[in-house]
Amino acid sequence: VQLQASGGGLVQAGGSLGLSCAASGSFSRINTMSWYRQAPGKQRDLVAAVLSGGFSNYEDSVKGRFTISRDLAKNTVYLQMSSLKPDDTATYYCSANVVLPTGAFQNFWGQGTQVTVSS
């Protein structure tokens, strides 16, 4: 299973940016899809997650500014970010909790995409 993230880049504070992450490979279904971020010298933290049924949750600092969504048919998760702040600067990683054809559950990670917000 591979996760291919795209989007990201450099944006001024107050601006908007969108990320996407598509899953491919051999699996039965995808449960939760998530976005994490990691700033230099800090741990990787959950930003937002969305279940297959559509329920989503967000880290407190991004509530009202970020929106996570997914396209079940395309096995893709999106993160729309608005009102960006310099503190949002980080490498963003997508993650998927996947049910393999064997019935086993496994988490997979995308390669990371850089988001830089200038002040």
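**Exercise 1. Find what share of the 119 residues in the protein is buried.**

Step 1. Apply the cut-off: buried means under 20% relative accessible area, exposed over 50% and partly exposed in between, with a 1.4 Å probe and protein chains only.
Step 2. Buried residues make up 40% of the 119 residues.
Step 3. Note the basis of the values. This is a predicted model, in which local features need pLDDT of at least 70 and side-chain atom pairs count only at pLDDT 80 or more, while totals for chains, interfaces and linings use all residues. Residues are numbered from 1 along each chain as its sequence is written, and side-chain values use heavy atoms, with hydrogens and water left out.

**Exercise 2. State how many helices and strands the protein has, and compare its radius of gyration with the globule rule.**

Step 1. Count DSSP runs, numbered from the N terminus: helices are H or I with at least four residues, strands are E with at least two.
Step 2. The count is 0 helices and 11 strands.
Step 3. The radius of gyration, taken over C-alpha atoms, is set against 2.2 Å times the number of residues to the power 0.38. The protein has a radius of gyration of 14 Å, close to the 14 Å from the rule for 119 residues, so it is as compact as a globular protein of that length.
Step 4. The C-alpha trace spans about 50 × 25 × 20 Å along its principal axes.

**Exercise 3. Describe how S9 and S10 are joined.**

Step 1. Two strands pair if DSSP finds at least two bridges between them.
Step 2. S9 (residues 90-99) and S10 (residues 105-109) run antiparallel and are joined by 5 bridges. In one of these pairings, Phe-108 in S10 is the bridge partner of Ala-96.
Step 3. The two strands form a hairpin with 5 residues between them, and Gly-103 in the turn has a positive phi of about 95 degrees.

**Exercise 4. Locate Gly-112 and decide whether it is buried or exposed.**

Step 1. Gly-112 lies in the loop between S10 and strand S11 (113-118).
Step 2. With 16% relative accessibility, Gly-112 counts as buried.
Step 3. Gly-112 touches Thr-91, Tyr-92 and Tyr-93, not counting residues up to four places away in sequence.
Step 4. Gln-4 and Gly-112 are 108 residues apart in sequence, but 8.7 Å apart in space, C-alpha to C-alpha.

Methods. Contact = heavy atoms within 4.5 Å.
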